[in-house]
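User: I would like to learn how to read the features of a model like this one. Please take me through them in turn.
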Amino acid sequence: MKAISKSLLAALIATAGVSLATLPAHAFRAFVSNEKDNTISVIDTDTNKVIKTMKVGQRPRGILLDKSRGWLLVCASDDNRVEVYDSTTYEFIKNLPSGPDPELFELHPSGNPLYIANEDDNIVTVVDMDKGTILAEVPVGVEPEGMAVSPDGKIVINTSETTNMAHFISSETHKTFANVLVDNRPRVAQFTSDGKILWVTAEIGGTISIIDVETQKIIHKITFEIPGINADAIQPVGLRINKDDTKAFVALGPANRIAVINAKTYEVEKYILVGQRVWNLAFTPDEKKILTTNGVSNDVTVIDVKKERAFKSIGVGRYPWGVVIADK
Amino acid sequence: MPNTFAIPPPSRRSVTKRGWALLGLIFATAIYMTLTASPSAAVQPTGTEQSSAATVSIIYVREDRDRLPPLSLLEFPPPNEGYDGAKLAVSDNNTTGRFLNQKFTLGTIIGLRGDELIKNVVEEAKAGIGFFVVDVTDETLLALSDALKDLPAVIFNAGSSTQRLREDDCRLNVKHTAASYAMLTDALAQYLAWKQWRKLVLVSGPKPEDKRYAESLKRSAKRFGLKILAEKEFVYTAGSRRADGGFEQVQKQIPTFTQEFPEYDVLLVADEANQFGEYFPFRTWIPRPVAGTHGLVPRAWHPASELWGATQFQNRFGRLSGRTMRDLDYAAWMAVRSIGEAATRTGSTEPKKLIDYMLSPKFELAAFKGQKLTYRTWNAQLRQPIFVTAPNLHVTVSPQVGFLHKKTVLDTMGVDQPETTCQAFK
């Protein structure tokens with residue numbers, strides 16, 4: 001009996017290997033963390049199908065790709081660690097120390113170190129990727145959440161959900177040098193490609209603060225209005241700006257929509273209806289598609305970026321949370 | 001005189017299962033200690049230490065009261081109930097204050113009654129303290145409000161759900177972070193309507209607070225199209241809380257008591273004094289759920305909520321207090337966080353400025369309820385989603401889907417602006 005199941009397993013693995021090898025070269029793969037299932041769904045963004053479900057640690061949320069090493073990094077929040085997987089073979093490689101309750105993280109543009117927001121401990125942990133050691137712990141506000149690193153690698157941003165600030169941290173000294181008060185429950189921060197502007201979403205405040213990086217001053221606030229949707233339900237969370245800094249796409253949580261924003265004028269141009277409680281989103285590397293994670297409806301919505309229209313929904317695990325997309 | 005609370009030292013790491021059990025044991029011991037020891041008056045002023053940071057001083061006020069012990073050993077209020085919530089919020093405020101050069105301190109006025117309590121609070125207010133988070137009787141609250149009328153001070157009512165404090169007896173210098181009875185029973189009624197459990201019967205106790213809860217249930221039933229088919233009062237004589245073998249009699253008494261009710265969907269119970277409601281679930285003549293103060297209970301907080309990022313909040317509270325968070329702790333936390341939020345946004349520690357900011361439409365508070373919370377402009381009640389709960393987990397959160405409002409769906413619960421009888425804010 002045992003032998004049979006073993007050979008069956010081997011056959012399955014072989015089949016999986018073959019199907020992977022036969023993927024067209026241009027196919028991108030999206031990795032979606034399913035917070036409740038402790039899994040990662042791997043999606044082929046050409047066929048819009050789940051091609052693999054990876055078993056990972058408890059409460060996977062933040063997820064990112066280390067392209068230089070070919071690693072997939074997963075914050076296993078309830079296991080208090082960051083898990084490292086091979087992004088092609090899906091094999092487990094190692095754990096990185098993370099400090100307690102890691103939620104979101106960001107990699108230095110050079111590929112090292114890793115900056116982790118420890119939601120339960122009011123600190124940002126700086127981790128050496130190769131040695132697997134903690135380089136520094138930076139005290140920040142209550143419930144650190146979003147992380148961003150400037151394109152030149154000099155500034156690390158952390159947002160704190162209960163303190164309501166974007167903390168500017170020097171990547172050299174590991175000290176905060178500015179703290180910008182934004183609206184309630186800031187979640188995600190992203191720099192524009194030129195590194196001059198920082199966008200910060202505020203989930204409960206319902207706004208996006210546009211911050212001038214040099215002066216650390218808020219120069220604009222984006223607000224939202226959707227006919228028929230209560231203002232309280234419009235909660236900006238995930239955010240992505242395209243490479244030429246012309247358009248931003250923002251997940252609006254329980255409003256079940258993605259806002260399309262002109263990144264030059266900050267005008268909201270359109271709302272795209274997606275699945276329920278949309279958390280996060282990611283561009284395909286060619287920026288032709290966006291995938292969104294919809295926490296309540298357990299699916300991923302695929303958006304055609306040019307048409308600004310949702311055209312496909314893909315069932316994944318329970319409570320899909322984060323998404324990253326690999327080049328190949 | 002220092003206060004006599006035993007507060008376990010905060011630990012940085014999560015409390016393990018064994019740790020919780022141990023803390024539970026310590027906590028149970030603490031209960032018995034407070035039950036046997038007569039509470040001594042403990043007034044701890046916030047101190048006058050000098051520091052470079054601008055300071056906001058807050059005082060937690062709890063009145064000593066005679067209360068009958070609850071039926072269940074699990075329902076004894078922990079000794080620091082409420083205070084621990086305020087303490088956590090002060091710690092949260094101080095983490096933020098670090099970046100703004102603001103400091104928050106928490107003093108206590110605990111174990112006093114009536115006039116003596118009011119005298120102490122007024123003295124502190126005259127000394128310049130502007131914020132009092134209170135858990136006192138309704139009578140003391142109103143007297144205190146009048147006594148502070150001409151001082152730049154505000155009272156946060158964290159302990160009372162009584163409706164008249166928000167309506168006929170509302171006061172300009174009182175804010176309510178505790179949910180009102182109307183909000184609680186509306187939250188329950190919305191869920192019963194959603195379930196189509198519309199035929200109700202009501203059992204209420206003899207105490208004034210039982211009557212207030214029962215009245216609120218009736219108002220909510222009417223508001224959401226539910227029918228109360230019959231009502232009965234449960235009369236009891238306060239005696240010994242425990243009696244060995246007491247269950248045999250109760251097991252026979254409750255079916256008989258509920259036998260004459262017409263066919264119904266849900267039995268509502270109004271026992272705010274916590275003297276008999278616990279007897280009703282699983283003992284009714286016909287098998288029906290129980291809701292109200294017992295059974296399915298509407299609450300401002302649930303100690304097991306992990307919704308909307310509350311996990312870390314619950315963890316922080318567990319580390320600080322060695323127990324789970326109750327409604328009073330949550331209301332006190334929201335009061336102190338409101339002060340912190342006003343200080344952060346205005347960049348000021350001046351009580352007058354913060355009080356004005358909290359009254360302005362700009363004020364909003366994030367409090368692990370999935371949306372911003374604001375104070376109603378007509379009576380200073382904090383709007384908030386309400387959990388409808390079973391003991392170990394929430395069953396749902398109201399407002400229910402489909403109950404609409406032109407301003408905010410949160411105003412489908414509680415007394416709305418067109419209905420209010422509060423005049424103080426006009």
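User: Which residue stands opposite A:I155 in β14(A)?

Analyst: A:S170 of β14(A) is the residue opposite A:I155. Two strands pair if DSSP finds at least two bridges between them. Strands are DSSP runs of E with at least two residues, helices are runs of H or I with at least four, and both are numbered from the N terminus. Here strand β13 (residues 155-160) and strand β14 (residues 165-170) of chain A are paired in the antiparallel sense, over 6 bridges.

User: What should I know about the model before going on?

Analyst: This is a predicted model, in which local features need pLDDT of at least 70 and side-chain atom pairs count only at pLDDT 80 or more, while totals for chains, interfaces and linings use all residues. Residues are numbered from 1 along each chain as its sequence is written, and chains are lettered from A and ligands numbered from 1 in the order in which they are written.

User: In what order do the strands of the open sheet in chain A run?

Analyst: The order is β12-β13-β14-β15, 4 strands with antiparallel pairing. β12 (144-149) and β15 (176-181) of chain A are the edge strands, each pairing on one side only. From one strand to the next the twist averages 20 degrees, with axes taken as lines fitted to C-alpha atoms (for helices over the stretch in contact) and angles running from 0 to 180 degrees between N-to-C directions.

User: How many residues lie between β2(A) and β3(A) in their hairpin?

Analyst: There are 4 residues between them, and A:N48 in the turn has a positive phi of about 55 degrees. Strand β2 (residues 39-44) and strand β3 (residues 49-55) of chain A pair in the antiparallel sense over 6 bridges. A:T39 has A:K55 of β3(A) as its bridge partner.

User: Is A:E143 buried or exposed?

Analyst: A residue is buried if 20 or more other C-beta atoms lie within 10 Å of its own, exposed if 12 or fewer, and partly exposed in between, with C-beta atoms placed from the backbone. A:E143 is buried because 28 other C-beta atoms lie within 10 Å. A:E308 counts as partly exposed because it has 16 C-beta neighbours inside 10 Å.

User: Why does B:A390 count as partly exposed?

Analyst: B:A390 counts as partly exposed because it has 13 C-beta neighbours inside 10 Å. B:A390 lies in the loop between β12 (386-389) and β13 (394-398) of chain B. Two residues are in contact if their C-beta atoms, placed from the backbone, lie within 7 Å. Leaving aside neighbours within four places in sequence, B:A390 is in contact with B:L296 and B:V395. The C-alpha atoms of B:A390 and B:P298 are 9.0 Å apart, and 92 residues separate the two along the chain.

User: Which residues touch the most other members of the largest nonpolar core?

Analyst: A nonpolar core is a set of buried Ala, Val, Leu, Ile, Met, Phe, Trp, Tyr and Cys residues joined through C-beta atoms within 7 Å. In the largest one, with 201 residues, A:F105, A:I258 and B:V133 touch the most other members. Helix α9 (residues 327-346) of chain B gives the largest share of this core, 11 residues.

User: How far can I trust chain B?

Analyst: pLDDT is the predictor's confidence in each residue, from 0 to 100. Chain B has a mean pLDDT of 88, with 86% of its residues at 70 or more. Over residues 1-50 of chain B, pLDDT stays under 50. For the complex, the predictor gives an ipTM of 0.81 and a pTM of 0.85.
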